[in-house]
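We will go from the whole chain down to single side chains.

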Amino acid sequence: MENLEKYFMLFDQSRTSEEAFEQLADLFTDDMEFVLNGYKQAGIKNWRNFVKMVYTENKDLKHMYHGWEKVQGDETRTYETRWAVCGKRASGEVYTQEGKDIAKLDEGGKIIYLENVPDNTKMFQTYKKD
């Protein structure tokens, strides 16, 4: 679960630090899957592209999260947390958003699955499935 505890901090730092970006990518398996508002993608390359897209569209972001909790009754290593983000888009517009993330870890503790479920389903409207 150590990788999950680093996730939001490294995501925010990745905007201005290539080292943090590489550390963020290292939290995941190469064949990881992620789901953003219903759009499913696979592979660390696609994840890296998504993060870069986020930082092209936003001048700044700051995440807060409640804390990762194991999903009860789930025999796999599945966790979820509530989060909030405030951001400033490249256009200068400021915004806030809330939602939850669901993550699954492999046996070594790396993130193999991450699902972002924003309360506002228009959050990733510019993100398109290939």
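**Stop 1: the whole chain**

Remember that this is a predicted model. Show it as a cartoon. Now trace the chain from its start. The order of elements is α-α-β-β-α-β-β-β-β-β.

Switch to the C-alpha trace. Along its principal axes the trace spans about 45 × 30 × 30 Å. How does the radius of gyration fit a compact globule? For 130 residues, such a globule would have a value near 14 Å, and the protein has 14 Å, so the two agree.

**Stop 2: surface and charges**

The accessible surface comes to about 7500 Å². Carbon and sulfur atoms account for 48% of that surface.

Next, colour the charges. There are 19 positive and 24 negative ones. Their mean positions lie 6 Å apart.

**Stop 3: inside**

Hide the surface again. Buried residues make up 42% of the 130 residues. Look also at which parts of the chain meet. Take the contacts with a sequence separation of 6 or more: 50% of them join residues 24 or more positions apart.

**Stop 4: the largest nonpolar core**

Select Y7, F11, L24, F28, W47 and F50. These residues have the most contacts inside the largest nonpolar core, which has 31 residues. Which elements each supply at least two residues of this core? They are α1 (2-13), α2 (18-25), β1 (28-36), α3 (44-57), β5 (78-89), β6 (94-105) and β7 (111-118). Colour α3 on its own: this helix gives the most, with 7 residues. In soluble globular proteins, nonpolar side chains tend to be buried together.

**Stop 5: F11**

Zoom in on F11 and show what surrounds this side chain. Leave out its neighbours within four places in sequence. F11 is then in contact with L24, W47, F50, V51, V54, Y55, L61 and H63.

**Stop 6: F8**

Move to F8, in helix α1. Is F8 buried or exposed? Its relative accessibility is 3%, so F8 counts as buried; the cut-off for buried is under 20%.

Which residues touch F8, leaving aside neighbours within four places in sequence? Select H63, Y65, W68, T81, W83 and D101 to see them. H63 is also on the contact list of F11.

Finish with a distance. Pick the C-alpha atoms of F8 and L24. Along the chain these residues are 16 apart, and the two atoms are separated by 8.9 Å.

Definitions and conventions. Residues numbered from 1 in each chain as written. Predicted model: local features only at pLDDT ≥ 70, side-chain atom pairs only at ≥ 80, totals over all residues. Heavy atoms only, no water. Helix = DSSP H or I, 4+ residues; strand = E, 2+ residues; numbered from the N terminus. Rg over C-alpha atoms; globule rule 2.2 N^0.38 Å. Buried < 20%, exposed > 50% of the residue type's maximum accessible area, 1.4 Å probe, protein only. Contact = heavy atoms within 4.5 Å. Areas by Shrake-Rupley, 256 points an atom, 1.4 Å probe, with all protein chains shown as cover. Lys, Arg positive; Asp, Glu negative; His and termini not counted. Charge placed at Lys NZ, Arg CZ, Asp CG, Glu CD. Core = buried A, V, L, I, M, F, W, Y, C linked by side-chain atoms within 4.5 Å.
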